[in-house]
Amino acid sequence: MILRMLGGLDRGAALIAGAEGQRLDLTPVGLPVDVLFQRGRPLLGRGGIRELQFNDEPLGDSVRVQLIRDDRLVADGDEIDIG
């Protein structure tokens with residue numbers, strides 16, 4: 001499920017919801033990666049992206065990493081703020 005804010009102070013924001021353990025593709029909100037939650041922890045996967053760096057290290061094809069605030073994520077040369 002994707003909920004998009006069309007007005008108000010949160011205009012332009014999007015919320016993606018899914019079940020525990022379900023892989024959530026973030027491409028519809030402009031991020032070419034995926035995430036799944038296990039025991040409340042967000043685990044990032046590279047999805048269909050060619051080059052993904054996590055804290056200045058390349059992320060492998062089948063590797064998932066837990067996201068925390070201020071992680072440095074660079075997807076095909078574009079930096080993504082983890083806030």
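Colleague: What should I know about the model before we start?
Modeller: It's predicted, so local features need pLDDT of at least 70 and side-chain atom pairs count only at pLDDT 80 or more, while totals for chains, interfaces and linings use all residues. Residues are numbered from 1 along each chain as its sequence is written, and side-chain values use heavy atoms, with hydrogens and water left out.

Colleague: OK, how many residues are in the largest nonpolar core?
Modeller: 15, and Leu44, Leu52 and Leu73 have the most contacts inside it. Strands E6 (52-54) and E9 (72-75) each give two or more residues to this core. A core here is a set of buried Ala, Val, Leu, Ile, Met, Phe, Trp, Tyr and Cys residues joined through side-chain atoms within 4.5 Å. Strands are DSSP runs of at least two residues, numbered from the N terminus.

Colleague: Switching topic, how many salt bridges are there?
Modeller: The whole structure has 6, counting a side-chain nitrogen of Lys or Arg within 4 Å of a carboxyl oxygen of Asp or Glu.

Colleague: Which residue does Arg64 pair with?
Modeller: Asp34, with the closest N and O atoms 2.6 Å apart. Arg64 is in the loop between E7 and E8 and Asp34 is in E4, so the pair ties together parts 30 residues apart in sequence.

Colleague: And is Asp34 buried or exposed?
Modeller: Buried, at 5% relative accessibility; buried means under 20% relative accessible area, exposed over 50%, partly exposed in between (1.4 Å probe, protein chains only). Arg64 is partly exposed at 32%.

Colleague: What about Arg72 and Glu79?
Modeller: Their side chains meet in a salt bridge at 2.8 Å, N to O, and Glu79 is exposed at 55%.

Notes: Helix = DSSP H or I, 4+ residues; strand = E, 2+ residues; numbered from the N terminus.
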